[in-house]
Each structure stands twice: as C-alpha cells, then as structure tokens.
Amino acid sequence: EKRRLIQDMLARTKAVDLAMQAIEGSIGAQRQANPRVPAVFWDRFLARAKAERGDFEAMIGGIWDRHFTAAELRELLALYDTPVGRKSLAVMPALSQESMLAGQQWGQRLGMKVGAELEAEGVKLAP
C-alpha cells in the first residue's frame with residue numbers, strides 16, 4: 001500500500017517532472033559555465049537523463065519512503081484534495097521555475113561580486 005501511496009504522491013506533485021524540467025533548464029547555464037565541455041556531452045547527458053528517468057523516480061520514491069509513513073502520505077493526499085492543496089499543486093511548476101531562475105540570477109550576482117573582490121585583491125581569474 002505504501003508504494004502505491006508514494007506513486008500517487010509522485011504523480012500528483014509531479015516531483016519527477018519538475019526535477020527533470022530543472023535539469024533541462026540548467027543545461028544552458030552549465031554549457032555557459034563550462035565552455036570547455038563539448039556540446040555533445042550536454043546533449044548526451046540530457047538524453048541519458050530522459051532515458052533513465054525511471055531510475056531517478058525510484059530514488060525519489062525511496063526518499064519519500066524514508067521520510068513519510070503510509071498514514072502521513074494518506075494525510076498529504078487528502079490535503080491535495082482540498083482547494084488550497086489543488087492550488088499548491090497547480091502553482092508548483094511556476095514556483096519551481098521562478099525559484100530556479102532566481103537562484104541562477106543570485107548565483108551570477110554572487111559570482112560577479114566574488115570575482116570583483118578577488119580582482120581588487122590582485123588575484124588573476126582565468127577568462
């Protein structure tokens with residue numbers, strides 16, 4: 001029963017879909033951050049991630065299994081049947097996307113600040 005509940009949670013929350021979208025969304029930034037890595041690597045990485053999605057889903061399911069009892073999963077599923085629960089599921093993809101973009105922007109700002117500080121200290125940074 002618990003396995004079925006976890007599968008229901010993963011389906012309702014679209015946890016694996018959101019993670020895969022995050023991976024796909026970060027590939028562009030990874031390409032820019034690692035210009036010496038050939039494009040074929042990133043293309044193959046993304047293809048492999050898609051092909052082995054089931055393995056990732058099993059890993060995520062194991063995490064849910066360790067952190068929630070069957071009773072807690074039933075409660076969460078009941079929450080997702082309420083209006084606020086349905087709304088949270090509906091806006092989760094946008095929240096995740098916007099949060100990922102905010103994290104990238106924040107990381108870029110931090111990198112620029114640290115780079116400027118190091119340059120001011122005389123540390124040469126590779127182009």
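Predicted model: local features only at pLDDT ≥ 70, side-chain atom pairs only at ≥ 80, totals over all residues.
A residue counts as buried under 20% relative accessible area, as exposed over 50%, and as partly exposed in between.

Stop 1: Select Lys 2 to begin. Its relative accessibility is 24%, so Lys 2 is partly exposed.

**Stop 2: Glu 1 and Arg 74.** Step back to Glu 1, whose side chain meets that of Arg 74 in a salt bridge of 2.7 Å, N to O. This pair also spans distant parts of the chain: Glu 1 belongs to the segment before H1 and Arg 74 to helix H5, 73 residues apart. Glu 1 is exposed, at 57% relative accessibility, while Arg 74 is partly exposed at 38%.

**Stop 3: the nonpolar core.** Next, select Leu 5, Ile 6, Met 9, Leu 10, Ile 60, Trp 64 and Leu 73. These have the most contacts inside the largest nonpolar core, which has 14 residues. Colour the helices H1 (2-13), H2 (15-33), H4 (53-67) and H5 (70-79): each supplies at least two residues of the core. H1 gives the most, with four residues. In soluble globular proteins, nonpolar side chains tend to be buried together.

Keep Leu 10 selected and show what surrounds it. Apart from neighbours within four places in sequence, Leu 10 is in contact with Ala 15, Glu 57, Ile 60, Gly 61 and Trp 64.

**Stop 4: helix H5.** Which residues of H5 are buried? Select Ala 70, Leu 73 and Leu 77 to see them. They lie on the same side of H5, because they cover an arc of only 55° around the axis. The buried residues of H5 pack against H1 and H4.

**Stop 5: Lys 14.** Go to the loop between H1 and H2, where Lys 14 is found. Most residues other than glycine have a negative phi. Lys 14 is not a glycine, yet its phi is positive, at about 55°. Lys 14 is partly exposed, with a relative accessible area of 41%.

**Stop 6: Arg 31 and Asp 43.** Select Arg 31 and Asp 43, which form a salt bridge with the closest N and O atoms 2.5 Å apart. Arg 31 is in helix H2 and Asp 43 in helix H3, so the bridge ties together parts that are twelve residues apart in sequence. Both are partly exposed: Arg 31 at 30% relative accessibility and Asp 43 at 44%. How many salt bridges does the structure hold? There are seven.

**Stop 7: a surface patch.** Select Val 37, Phe 41 and Phe 45. They form a nonpolar patch on the surface, with about 250 Å² of accessible area together. Val 37 lies in the loop between H2 and helix H3 (39-51), and is partly exposed at a relative accessible area of 30%.

**Stop 8: Glu 98.** End in helix H6 (residues 83-120), the place of Glu 98. Glu 98 is exposed, with a relative accessible area of 55%. From C-alpha to C-alpha, Glu 98 and Lys 50 are 22 Å apart in space, and they are 48 residues apart in sequence.

Conventions: Residues numbered from 1 in each chain as written. Heavy atoms only, no water. Core = buried A, V, L, I, M, F, W, Y, C linked by side-chain atoms within 4.5 Å. Buried < 20%, exposed > 50% of the residue type's maximum accessible area, 1.4 Å probe, protein only. Contact = heavy atoms within 4.5 Å. Arc of directions from axis to C-beta. Patch = residues over 30% accessible without salt bridge, like charges linked within 9 Å, V, L, I, M, F, W, Y side chains within 5 Å. Areas by Shrake-Rupley, 256 points an atom, 1.4 Å probe, with all protein chains shown as cover. Salt bridge = Lys/Arg side-chain N within 4 Å of Asp/Glu carboxyl O.
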